[in-house]
Amino acid sequence: MSSYLNADKTYLTLTPAGIFEAFSQSEPTDEQLSLQDLLSYEQTLLAANWLERYSDEWLQSFIEKGWVEKLSLFLPAPNLPLDQFLPYVVASLSGKRRAAIGSDEGFCLARIGYSQEEADMLSVAAADFSGFMLRQKQRGWAVESQAISFFQQVDLLIPETSFVFLWIDGSGYVLIIDGEPLTNSRAFVELVWALKTSGLRFLN
């Protein structure tokens, strides 16, 4: 058992960087799947439970890379429907407090701040961008981008709109953020955890 943590009393969760590593690919590696497993339950997982299935060397590496965070207390997973949960985290995700979640098929699953027409238009655009990146990757262009941002000002300091692409259980999602994207936050982790655990891909 690891000497760098008390596995029976230490809980594990992903950091924002860990989210990007774990959910960036439509065909994740075994290591990426092991990271995803940390957000597959209704509460944070004990290190001892995770280590029953995965490598101690992996865990040590994930912690050193800043992908996994150690916690002394367990945290419950978000249990609200996505359209009810998004308002709680939007201020921590968007500089303009406007965000939406779309599917890779171009459907808007939830929105806050955007009108329905705006959210639908952006969700369709996001699906087009996602398809474009996949096609270029198949053609040999090593497109590894996990997000696309568009700017109005030529100084390229703060984007007007950003699209963050995620793959969860084989389904593609896009987080659409208005203004400055604040993805280096606990709210980003909570949102992906909500998507991973609540079956929201079936939300009408």
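**Salt bridges along the chain**

Guide: Lysine 96 has a relative accessibility of 45%, which places this residue in the partly exposed class. The model is a predicted one, and seven salt bridges are counted in it. Lysine 96 takes part in one of them, with glutamate 160 as its partner and an N to O distance of 3.5 Å. Because lysine 96 belongs to the loop between α5 (82–89) and β4 (99–103), and glutamate 160 to the loop between β6 (147–150) and β7 (161–168), this pair ties together parts 64 residues apart in sequence. Glutamate 160 is likewise partly exposed, at 27%.

A further salt bridge joins lysine 196 to aspartate 169, with 2.9 Å between the closest N and O atoms. Here a helix is tied to a loop: lysine 196 sits in α7 (residues 186–197), aspartate 169 in the loop between β7 and β8 (171–178), and the parts so connected are 27 residues apart in sequence. Lysine 196 is buried, its relative accessible area being 13%, whereas aspartate 169 is partly exposed at 43%.

Aspartate 37 and arginine 53 also form a salt bridge, their closest N and O atoms lying 3.0 Å apart. Both partners are in loops, aspartate 37 between α2 (30–36) and β2 (45–46) and arginine 53 between α3 (47–51) and α4 (56–65), with 16 residues separating them. With a relative accessible area of 10%, aspartate 37 is buried, because that value is under the 20% limit; arginine 53, at 41%, is partly exposed.

Finally, Glu69, Arg186 and Glu190 are connected in a salt-bridge network.

Terms used: Residues are numbered from 1 along each chain as its sequence is written. This is a predicted model: local features need pLDDT of at least 70, side-chain atom pairs count only at pLDDT 80 or more; totals for chains, interfaces and linings use all residues. Side-chain values use heavy atoms; hydrogens and water are left out. A salt bridge is a side-chain nitrogen of Lys or Arg within 4 Å of a carboxyl oxygen of Asp or Glu. Helices (H or I, at least four residues) and strands (E, at least two) are DSSP runs, numbered from the N terminus. Buried means under 20% relative accessible area, exposed over 50%, partly exposed in between (1.4 Å probe, protein chains only).
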